[in-house]
Amino acid sequence: MANTNLYQSLSLIVPEIVLTIALLVLVTADLIFHKDKKSIPFVALAGILLTGYFTLIQIGNYGFAFQTSASAFKHYGMFASDPFSIFFKVIVIVSSLLIVFFSFSSDEIQKITDRIGEYYALIFGMILGMYFMISATDLILIYLSLELLSLSSYVLSGFTKLRDRDSEAALKYLLYGAVSSGLMLFGISLIYGLTGSTNLYIINSLIQSPDVNLFTLAFAVILIFAGIGYKISSAPFHFWTPDVYEGAPITITAFLSVASKAAGFALLIRFVKTTFVSYTDPNGMWQLINVFDWKTLLISISILTMTLGNFSALWQDNLKRMLAYSSIAHAGYILLGLVVFSDQGLKAIFIYFAVYMLMNLGAFLIVMLIANKIGSEEIDDYNGLGFTSPFLGVAFTIFLISLTGLPPTAGFIGKLYLFIALVDAKMIAVAVIALLNSVVSLYYYVRVLKHMYLTSPTKDTPAVSASLPNTILVSALVLATLVFGLYFSPVVDAAESSLFILGL
Amino acid sequence: MINLIYLTVLLPLLGFLINGLIGRKIKNEKVIGIIGSGTVGIAFVIIILAFIETLALPVENRSNTVELFTWISAAGLNIKFAYLVDQLSLTMSLIVTGVGFLIHVYSIGYMHGDKGFWRFFAYLNLFIFAMMNLVLGDNFVVLFLGWEGVGLCSYLLIGFWYDRKFEKGTTSQAAKKAFVVNRIGDFGFLLGMFLIYFTFDSLNFKEVFSRAESFPVAELTFGLIALFLFIGAAGKSAQIPLFVWLPDAMAGPTPVSALIHAATMVTAGVYMVSRASIIFASAPAVMMIVAVIGLVTAIMAASIGLVQNDIKKVLAYSTISQLGYMFLAAGVGAFSASIFHLMTHAFFKALLFLGAGSVIHGMHEEQNIQKYGGLKKYMPKTYLTFFIATLAISGVPGLSGFFSKDEILWSAYANGGFVFWLIGAITAMLTAFYMFRLVSLTFYSKERFDHHHVHPHESPAVMTVPLMILAFLSVVGGYIGIPKVFSGEHGNLFEGWLEPIYAPALAKLATFGSHSHLEEILLMAVSVAAALSAIYFSLYVYTKKLQIAENVSIKFKGIYYLLWNKYFVDEVYEAAVVEPIQKGSEKLLWKIFDVKIIDGLANGVASLVESGSGIIRKIQTGITQFYAVVMMAGIAFALLWLILSL
C-alpha cells in the first residue's frame, strides 16, 4: 500500500481516530483521577463534541479508505466516507451527546461513580463500533465493528448490577448475540467461498455473472441478515430487546434504542444497496440483481416486526418495556423505507431516524427523570402525575403523540414521508397495514396519558420537577419535536442531500 | 422596511407568547397592556415605513415578495412561507395594525380589573398574528393558515367570558355556533383551494393569477373555484346564508366585537375575493351571485337593525349590512371600492363599537337601548365621537362613509343597473334611520334608567383617546378616495393606488358603461337627500314623538314581528338543518350506525387485538433457549421459502 494511499485513508477516518484517542484518554484519566472522578463525564463530553466537530467537517471529504490492492477493483476500499455515512454518524453522535447529558442526572449512573470511567469508555467503544459499522464496505470490517459494538453493549446492559434482572439481561443479550453472530459468520464464510472476496463491491460485480449458485448465495444472505436483524431488533430476532431494555440502565436502553439501531440500519441499507443493487434508475428506483425475492421477504419481516411490537406493547405495565416494544414497532416502520428500494424510501428513513431520535430519547428522558424521583417505571405509579408534575406531563404527552405519529409533531412528518414513499411505489396495501399498526400503537401511548391525566392525583402522588439543566434539555427536545412538525424543510433538505452512497 | 415585514407578524406572536406563557405571573395590568399594545404598535410603525418605501417605488415595482423559508416540499407541491408586500396587502395591514393598535389601547381601560386580563391580551395578540398572516401571505396556504387562526381566536374571544350567560344560552354556545358556521365556509374554501391546485398546479398567488390569465381554462372551472371561494368568504364575512353567527358573536367583550367582528376579521372574505379578483372576473355568473347576495344581505340585515334593542346587536346587523355593500361592490367589479369601503367601515364601525363599549361600561353592563336615554350630558366625549361615526355610516357628505358608499352605489348603477342602485340606496336610507334611532334612544330622549342604581359616567382617557383618533379618521379617511367627478385630473387616489392589483381583472371585465357626470351627481344628490330625510325623520320620531314608532309597530305588526325575530332565520335553520341532523344522528347514526355497527366493529376489532396480543405476549417467555429456537425457526422458514421459490 502506497504512502499516499495510507495518508488519504487516514484523512477519511479522522472522526474514528478522534474517537479512539478519546477512548484512550478516558481510560487513562480514569486511572489518574481514581480518587475523584467528577471530571470524567466532562472528558467524555469533550470527546463527543470533538468527534461531532470532526464528523461535520468531514462533509465534502468523500472517498474510499484502505483500498484493495487487487488491480481490477483498485478504487474500492474497506471503508466508505460518503454523505450517507455522515448523516447516520450525525444521528449517532447527537444521540451520544444526549446520552451523556442523560447520564449526568441519572440516579442509576450516579450510584456507580467509582466505575464511571469504564462506563464512558464502554460507551465510546460502542460509538466507535457504530462509526465503523456505518461506513464498512467489507464483510470483515462489518463483522469486527458489529462485535465491537455488541461486546461493549453486553457489558453496559448489566453494568449497574443494582438488580438481578440487570445481570440476567446482560447474559441473555450475550447468549443471543453469540448465536446471531455465529450465524452471520457462517453466512460471511459462505459468501467468501462463493465469490472469493469479502469486499461488497467486488461481490456485487461477481454475483451479476450468470454462473453464481443463487441458492447458496441467498442462503448466505439470510444468515447475514440474522446478524443485522438482531442489531435492529427486527422479528424474529427481536426477543432479547424487551428483556435487555427493561434490565439495562435507562441511559443505555435509550442509547441502544436509537444509536445502535441507527448503526444497524445503516449497515443493512449499505449492505443491500452495494451488494444487490445493479443500478439506480433516473427515478431513483433501485434495480435489484435477481438473486432472490428480497422484497417479499423484507415486507413480511417488517410487517411482522411492527405487528409483534405493537401488539406486545399493548398491555405492558412497565414503561421501559413498553418503549422497548414500541421501538421494535418503529424498526418495522423504518424497514418499510428500505423495502421500497428507492431513493425516496431512503430519504424517508433519514427523516424518520432524525425524528425518532428526538422523540424516543425525549420519552426515555422523561421516564428516567420520573424514575429518579419515584424509583419506578410502572404505569400505575404515573397516576395523576400530569397534575402534580405539569411540565414533565406535557412534555411526555408531546413525545408520545409524536411517537404515535399525529400532527403537529415531528413524528407525523416521519410517518408522512414514509407513507408517501410507499404510496409512490404502489405499495398501498403495505401502507394501509402500517397505518393500522399506528392506530394500534395509539392505544398504548395514550394509555399512559390516561394514567397521567384521567386519574386524579392523591396525597401520595409525588410532584416531579426537573432541575434547570434537565428543564432546558427537555424543552429543547420538545421544541425540536414541535418545530420539526411544522417547519420540516431543513430535515427534508438534509435527508435529500445525504442520499448518495458511494460506489456503483 | 419591506424586507423586515416579517417582524410585523413575529412581534404580535412574541406578545402572545409573553402574555400567554407568563402573563398570569406578571399580575401588573399595565405591563401586560403595554406588551400587548406595544407589539402591535411597533408592527404598525413598520408597516407605515414599508408603505412609505413602497410609495417611493415606481408603480411596476410595488409588488414585493419576502421569502422566509420553504415550508412544504413534497413531490410537486412546493409551498413557501413568504409574504407578499403589495398595495393591497399594505392597505389591509395598515388597517389591521392601526385600528388593532387603537383597540388594544382601549382594551387596557375596558378590561381593567378582569380576572382574565392577561389571557385577553394574549388572545388579542394571537389574533393580530393570524390576521397578519392572512393579509400578507403570498399563497393560499399561508392565507388559509391565517384564516383558520383568526377563526380560532374569534372562537376563543367570543367565549372569553365562558362563565357568563348570553341570551338564552351561554357564551360558549355562541362561540361554538360561530366556529361551526365558519367551518361550513372553510370547507368551501378548502374545496376551492384543491380545485385551484388541480387546475393551475400551484397555490402561489402570482403563479395562479398569471396562469388564470393565460391558461385555457373552462369558464365552468372558474365558476366552481370562484363559487367555492365565495362560500368561504360568505362564512367568514357573515353573508347570506352563513351570517347567523355574527349577531351571537356579540357575546364576546366589546373590544373584540370592534376588532374582530367589525373592523378586521369579518372583512377577510372581502379581502380574499378582492385578492382573487382575476378568478372572479373570469366567472361572470358567480360575480352576479356575489353582487346579489351582497345586496340582499345588505338590505335584509339593515331592516333587522331597525327594530333591535340591544346596542351591540344593532351594530352587529349593521356590520352584516355594510359587509353586504362590500360584496356588492366586488360583485359588480368595483374591487377597489369594496376595499375602500372596507377601510372607512373599519374606522367608523370600530368607533361605533368602542363607543358602545364606553356606554356599556358607563351604564354598568346594560346593553338595552330602551334603558338608556339622555346620556349626552354624562358622557360628552363618547357622545361626540359616536355621533361623528353615525354621520359617517349614514353617508352624510364630507365624511368618510359618504365617499366609499357613494362609490359603491355609483358602481352598482353603472355596472349592475338601476335596481341594484335603488336597493342599495334604500339600504343606505334604512342605515341612516336605525343609526339615528340608536343615537336618539341612547344620548337624547329622556333618561329611562334607574338613577338609584345606575350612575352613568365618562370613560377614562385610555378609552376616549382611541375614540377621538378613530373619530378623526372617520371624518378624513374618505378624502383619499374622492371620486373623479370632484377631484378632476388627479382622479381617485385610492383607486389609482390599488389599480395595478385589479388591472388584469378589470381588463377581463371591461364592461364599465359610459355614464355622464351629470348622472353621477344626480344619483348622489338623490341618495344624500334620502339619507338626510331618513335622519330627520328618525330624530323626529325617537326624540319627540315616540308614539309614532309604537303606532307603526302596532299597525304593521306582522312586519315588525318578522323583523324583531330576524326573519326567523335562526328558527328556520334550527328546524331545517339542526333538528333533522340531530334527529338523524340520534336515531340513525348514533343508535344504529354508531352503537351497533361502528362500536360493534371497533369493540370486535379491539377484543381481537386484545386476544391476539395475549397470544403474542406468551411468545416472550423470558427463556433464552426458546428465543434461539424461534430465531432458528425463522431462518428455517426463510430457507423453506427460498427452496419453494426456486
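Biologist: Leaving aside neighbours within four places in sequence, which residues is B:Thr267 in contact with?

Modeller: This is a predicted model, where local features need pLDDT of at least 70, side-chain atom pairs count only at pLDDT 80 or more, and totals for chains, interfaces and linings use all residues; side-chain values use heavy atoms, with hydrogens and water left out. Residues are numbered from 1 along each chain as its sequence is written, while chains are lettered from A and ligands numbered from 1 in the order in which they are written. Contact means heavy atoms within 4.5 Å. On that basis, the partners of B:Thr267 are B:Met92, B:Ser237, B:Ala262, B:Leu323, B:Met326 and B:Leu342.

Biologist: Is B:Thr267 buried or exposed?

Modeller: B:Thr267 sits in the loop between helix H10 (254-263) and helix H11 (268-275) of chain B; helices here are DSSP runs (H or I, at least four residues), numbered from the N terminus. Buried means under 20% relative accessible area, exposed over 50%, and partly exposed in between (1.4 Å probe, protein chains only). B:Thr267 has 0% relative accessibility, so it counts as buried.

Biologist: And what about B:Thr254: which residues does it touch, not counting those up to four places away in sequence?

Modeller: B:Thr254 belongs to helix H10 of chain B. It's buried too, with a relative accessible area of 1%. Its partners are B:Tyr110, B:Lys312, B:Phe353, B:Gly357 and B:Ile360.

Biologist: How are H14(B) and H17(B) oriented to each other?

Modeller: Helix H14 (residues 311-331) and helix H17 (residues 400-416) of chain B have axes that come within 9 Å and cross at roughly 45 degrees. Axes are lines fitted to C-alpha atoms, for helices over the stretch in contact, and angles run from 0 to 180 degrees between N-to-C directions. Under 35 degrees is roughly parallel, over 145 roughly antiparallel, 65 to 115 roughly perpendicular and the rest oblique. H14(B) and H17(B) are therefore oblique.

Biologist: What distance separates the centres of domain 2 and domain 4 of chain B?

Modeller: Chain B is divided into domain 1 (1-138), domain 2 (160-282), domain 3 (293-563) and domain 4 (570-645), with bounds from an automatic or database domain assignment. Taken over C-alpha atoms, the centres of domain 2 and domain 4 of chain B are separated by 39 Å.

Notes: Helices (H or I, at least four residues) and strands (E, at least two) are DSSP runs, numbered from the N terminus.
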